[in-house]
Amino acid sequence: MILASECDVANVVICAPANVKELFETPEWFSIGNFTFYRASALMFLAAFIVIAALYFGLRRRRLVPSKFETAIESIVEFVRDGVGRDVIGPEGGKYVPYLLALFTFLLVGNLFEIAPFIGFPINSRMAIPAFLALVTYVIFVFVGFKKNGFNYLFETAWPRHVPIGLRWLVGLIELVSVFLLRPFTLAVRLFANMVAGHLMLTLLLGSGIIFIASVDEVGLRALIGVPWFVLGLGIYLFEIVVAVLQAYIFTLLSAVYIESSINFEH
C-alpha cells in the first residue's frame, strides 16, 4: 500500500499520493549488470526455483517410507497425472503431464505468494504472466489439433457438419471465435482478475485496518473502525488460500480440456 508522505489523519479519512501513477509503478528490487529485476520478475524466478527444488528433492529418491514432504510432492504429481492428465485427456494424457505439472505447480506457488509473509504479492496479478501461459496452452492445443486432424480441424470448426445446415454458418462462426480467439483470452483474464481482486481486498482491508488502529492517538475513537476491517481482512486472507489453489487447478484443468478437445476433435 502506498500512502502520502504527508497526511492530516485527523481530518482526512483516506490519504492518497500526490501522483496517482505511483499506485501503478513497479519498484526496482535489484540489478545485475544491465538487467534490472522488478518485483514481479524477481518473484517469477523465485517461484520457478521453488518448483524445481520441490520437485527435485521430493522425487529424487523413492523410499519405501517417504517423508511428509516427499508424500506431499508425490500426491501433487499423482493428482495432476491421474486427476487431470489421464482423466481429462485420456490415454494420450501422459505425454502432456510434464507441462500440466509444471503449469499447476508454478501457478500454485505464484498464487500463494499473495499470502506469503514478507511478500504479499501474487505474481499472476500481472497480466503478462497469465497471458504468456495461456498463449503456451493455445499454441499446444492448436498445434495438436492440426497435427491430429490436419486442415479438417479448421474446416470442421468453421463448418460443423453435425449442426443443421441452416445454423451451420452461425455455429461455425461462434466456434471459430471461441476456439481461436476467446480461449486464450478468457483463460488469462480469469486467473488475472481473480488474483487482482483478492490482492486488492487484502491490501485495502488489512492495510486500512492497521492504519486506522495505529492512528488512534490522532483520530480517537474513530480509529476503532479499523478493527472490523482488519478482522474481515483476516477472513479474506484465509479465503484467498482456497482461491490460490482453485485458480491454479482451474487454469490447468482448462488447459487439459482444450488439449483433449483437439486430440479427440471428432467427438
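Reader: How many aromatic pairs does a search of the whole structure find?
Author: The search finds five aromatic pairs, where rings of Phe, Tyr and Trp (its six-membered ring) pair if their centres lie within 6.5 Å. Bear in mind that this is a predicted model, where local features need pLDDT of at least 70, side-chain atom pairs count only at pLDDT 80 or more, and totals for chains, interfaces and linings use all residues. Residues are numbered from 1 along each chain as its sequence is written, and side-chain values use heavy atoms, with hydrogens and water left out.

Reader: What's the geometry of the Phe79 and Phe104 pair?
Author: Phe79 and Phe104 form a tilted pair, 5.9 Å centre to centre with 55° between the planes; planes under 30 degrees apart count as stacked, over 60 as edge-to-face and the rest as tilted.

Reader: And where do those two sit in the chain?
Author: Phe79 is in helix α2 (residues 68-89) and Phe104 in helix α3 (residues 97-112), so the pair links distant parts of the chain, 25 residues apart. Helices here are DSSP runs (H or I, at least four residues), numbered from the N terminus.

Reader: Is Phe104 buried or exposed?
Author: Phe104 is buried, at 5% relative accessible area, while Phe79 is partly exposed at 36%. Buried means under 20%, exposed over 50% and partly exposed in between (1.4 Å probe, protein chains only).

Reader: Which residues join the two in a cluster?
Author: Ring pairs link Phe79 and Phe104 with Tyr249.

Reader: Nice. How do α2 and α3 pack?
Author: Their angle is about 125°, with the axes 10 Å apart. Axes are lines fitted to C-alpha atoms, for helices over the stretch in contact, and angles run from 0 to 180 degrees between N-to-C directions. That makes α2 oblique to α3: under 35 degrees counts as roughly parallel, over 145 as roughly antiparallel, 65 to 115 as roughly perpendicular and the rest as oblique.

Reader: Which residues meet there?
Author: Among them, Phe79, Val80 and Val84 in α2 meet Leu100, Leu101 and Phe104 in α3.

Reader: What about α1 and α3?
Author: Helix α1 (residues 39-59) packs with α3 at about 125°, their axes 9 Å apart. The residues that meet include Met44 and Val51 in α1, and Leu101 and Val109 in α3.

Reader: Switching to Phe57, what is it in contact with?
Author: Leaving aside neighbours within four places in sequence, Phe57 is in contact with Phe69 and Glu70, contact meaning heavy atoms within 4.5 Å. Phe57 is found in helix α1 and is partly exposed at 43% relative accessibility.
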